[in-house]
Amino acid sequence: KVPTYTVMLVIPYNWFERARLLTTEHNGEILESDFAADITLTLRFRQSDFPTFQQALAEASHATLQAEIIESGVTIMELTV
């Protein structure tokens, strides 16, 4: 069990693949994807991994995208080596 954040990220369609890769690189998981005018992603990260994801997202998007924490909790997650 580890402390986690569930976050929401709204992105344009051309950002989907980059956001997916950044999520994976920072040990996150995509919980839900909603495709409308923009894409709304619901993601989960270990609390310790979220700041580096947020920083990488800001750097890649020139500070135009930011994920919003919508829930914090404790989740059973796989161990990473």
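Analyst: Glutamate 29 is partly exposed in this predicted model, its relative accessible area being 30%. Its side chain forms a salt bridge with arginine 44, and the closest N and O atoms of that pair are 3.2 Å apart. Because glutamate 29 belongs to strand β2 (residues 29-35) while arginine 44 belongs to strand β3 (residues 39-46), the pair ties together parts that are 15 residues apart in sequence.

This pair is one of 3 salt bridges that a search of the whole structure finds. Another joins glutamate 17 to arginine 20, with 2.4 Å between the closest N and O atoms. Here both partners sit in helix α1 (residues 16-25), and because they are 3 residues apart there, about one helical turn separates glutamate 17 from arginine 20. Glutamate 17 counts as partly exposed, at 40% relative accessibility, and arginine 20 is likewise partly exposed, with a relative accessible area of 31%.

There is also a salt bridge in which the side chains of aspartate 49 and arginine 46 meet, at 3.9 Å from N to O, a distance that counts because the cut-off is within 4 Å. Aspartate 49 has a relative accessible area of 16% and is therefore buried, since buried means under 20%. Arginine 46, for its part, is buried with a relative accessible area of 12%, so that this salt bridge is formed between two buried residues.

Key
Residues numbered from 1 in each chain as written. Predicted model: local features only at pLDDT ≥ 70, side-chain atom pairs only at ≥ 80, totals over all residues. Heavy atoms only, no water. Helix = DSSP H or I, 4+ residues; strand = E, 2+ residues; numbered from the N terminus. Buried < 20%, exposed > 50% of the residue type's maximum accessible area, 1.4 Å probe, protein only.
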